[in-house]
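Work through the exercises below with the structure open. Each task is followed by a solution in steps.

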Amino acid sequence: MSSRRGTGENLYYRQNKPFESYKFPHFVWDDIKFSNQIMKIQPVKSFLLASLIGIAACSSVHAQKFEGLAQTPPMGWNSWNTFQTNIDEPLLKGMVDTYVSSGMKDAGYQYFVLDDGWMAMERDKNGDLVADPKKFPNGMKEFADYVHSKGLKFGIYNCAGTKTCAGYPGTRGYEYQDARLYASWGVDYLKFDWCSTDGINAIEAYKTMSKAIRAAGRPMVFSLCEWGQHQPWRWAKDVGQLWRSTGDIGPAFAETIAKNGWKPLSVLNILDRQDSIRQYAGPGHWNDPDMLEVGNGMKFNEDRAHFSLWCMLAAPLMAGNDLRKMSEQTIAILTNKDILALDQDPMGIEAFRFYAFDGIEIWVKPLANNELAVCFLNRSDRPQEVSYDWKAHAINDAVSNTSIDFNKTSYKLRDLWEKKDAGTTNKTFKQTIPADDVVVLRLTKE
């Protein structure tokens, strides 16, 4: 395998503090035991204990996120990758209009998310966040109403720290106040970042914001963006609907270039960090490998491979390109309903790396109705011919309880990019795949 593409070995998580090092109190509700003996409680003590348990139970209820949201990975658009903080109301209203006219809404994209830079540099005299009056002269409620009027859902950004990543007011200490404000504006989605957080416990900070959203009374998808530093896949299932699994992505397929001393991750960097955490994702709780870079300067085949892989991973799909300048190829990628159907499959199973040799990888995603998606990825720097004998390789996946022997069951093959049938599993599949490209097949029982 070409060294520039990496080996697929996951070194990232070895360098992070293991979750088990975080200790938290817990309750055992069935019995209260000391030295393995059930404690006999006198009536007065029983009353006090019952009161404490009642308080704790109420607290536990309010600690939970809104259920029923994001049963499939959220799909939308975010302002950061293209515009950073250079946003204003006319620009964004034009983006909303193009969102609809381009066909993205019809393809299933729902959320329009403002990232960092929407607010003024100071809170008002009451401690409330204020939309920057130059960027949003009509206020944020009016803009949210505009988004909703187009049949879309509105998302906004803040940070768990004292300041956002761009230096605007953060939410630390204002969680409940900010959540009530967002609810009054009609916010449907909150992206919550992790800058300016020295000395702050991540689990506590995100649980507090989750409680605040619940207390505000308006259902919002809660997106935890702490870059996977505290292994949120292990503790955030009841806190939010999605959590970032890595650092930030950049517009590069294999290797990114450092800018100002910081180097974002590439598509392949991030891909190699997903396979080991796939068991933590599912309906209402998703691993988030960061936003899409489709249409932001990569080659067409790289964009296609990137999009295919994110859909195979059951990833939240947040486009980050300038919607006004999309090529026909970019639109065709982002709105390919056959590929999107893999991402939105109701089972919510992430793909796993089934095979890897000499730059060729096979990723398998179990689907509803006993179907499969299979993605052949060529991550080498040269075209390669694939000759794959289905009957020689049984597929077994403990996460989804999938077990398939192609000697016993035959499947029809559908090429989802070429939009044509590609034979059956009774014959060897042969195709040449260009460098940094994919072939994605959907397998349906004959």
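**Exercise 1.** Describe how helix α6 (residues 175-185) and α7 pack.

Solution. The model is a predicted one. Two packed helices are described by the angle between their axes and the distance between the axes.

- Step 1: the axes of α6 and α7 lie 8 Å apart, at an angle of about 45°.
- Step 2: angles under 35 degrees count as roughly parallel and 65 to 115 as roughly perpendicular; α6 and α7 are therefore oblique to each other.
- Step 3: the crossing of α6 and α7 is right-handed.
- Step 4: α6 contributes Glu175, Tyr176, Ala179, Arg180 and Ala183 to the contact, and α7 contributes Thr208, Met209, Lys211, Ala212, Ile213, Ala215 and Ala216.
- Step 5: by class, the contact of α6 with α7 holds eight nonpolar residues, one polar and three charged.

**Exercise 2.** Take Lys211: in which helix is it found, and is it buried, partly exposed or exposed?

Solution.

- Step 1: Lys211 belongs to helix α7, and is among the residues that make the contact with α6.
- Step 2: buried means under 20% relative accessible area and exposed over 50%; Lys211, at 27% relative accessibility, therefore counts as partly exposed.
- Step 3: between Lys211 and Val239 there are 8.3 Å in space, C-alpha to C-alpha, while in sequence they are 28 residues apart.

**Exercise 3.** Classify the packing of helix α3 (residues 89-101) against helix α5 (residues 139-149).

Solution.

- Step 1: the two axes come within 10 Å and cross at roughly 15°.
- Step 2: with the limit for roughly parallel set at under 35 degrees, α3 and α5 are therefore roughly parallel to each other.
- Step 3: α3 and α5 cross in a right-handed sense.
- Step 4: on the α3 side the contact is made by Glu89, Leu92, Lys93, Val96 and Asp97, and on the α5 side by Gly139, Glu142, Phe143, Tyr146 and Val147.
- Step 5: these residues of α3 and α5 comprise five nonpolar, one polar and four charged.

**Exercise 4.** How many residues has the largest nonpolar core, and which have the most contacts inside it?

Solution.

- Step 1: the largest nonpolar core has 97 residues.
- Step 2: the most contacts inside this core belong to Tyr109, Phe112, Trp118, Met140, Phe143, Phe307 and Trp310.
- Step 3: helix α7 (residues 202-216) supplies the largest share of the core, seven residues.
- Step 4: apart from this core lies another, of 20 residues, including Ile360, Ile362, Phe376 and Tyr388.
- Step 5: beyond four places away in sequence, Trp310 touches several residues, among them Ile249, Val267, Ile270, Met291 and Asp343.

Conventions:
Residues are numbered from 1 along each chain as its sequence is written. This is a predicted model: local features need pLDDT of at least 70, side-chain atom pairs count only at pLDDT 80 or more; totals for chains, interfaces and linings use all residues. Side-chain values use heavy atoms; hydrogens and water are left out. Axes are lines fitted to C-alpha atoms, for helices over the stretch in contact, and angles run from 0 to 180 degrees between N-to-C directions. Helices (H or I, at least four residues) and strands (E, at least two) are DSSP runs, numbered from the N terminus. Angles under 35 degrees count as roughly parallel, over 145 as roughly antiparallel, 65 to 115 as roughly perpendicular and the rest as oblique. A crossing is left-handed if the near helix is turned anticlockwise from the far one by less than a right angle, and right-handed if clockwise. Contact means heavy atoms within 4.5 Å. Ala, Val, Leu, Ile, Met, Phe, Trp, Tyr, Cys and Pro count as nonpolar, Asp, Glu, Lys and Arg as charged, and the others, Gly among them, as polar. A nonpolar core is a set of buried Ala, Val, Leu, Ile, Met, Phe, Trp, Tyr and Cys residues joined through side-chain atoms within 4.5 Å. Buried means under 20% relative accessible area, exposed over 50%, partly exposed in between (1.4 Å probe, protein chains only).
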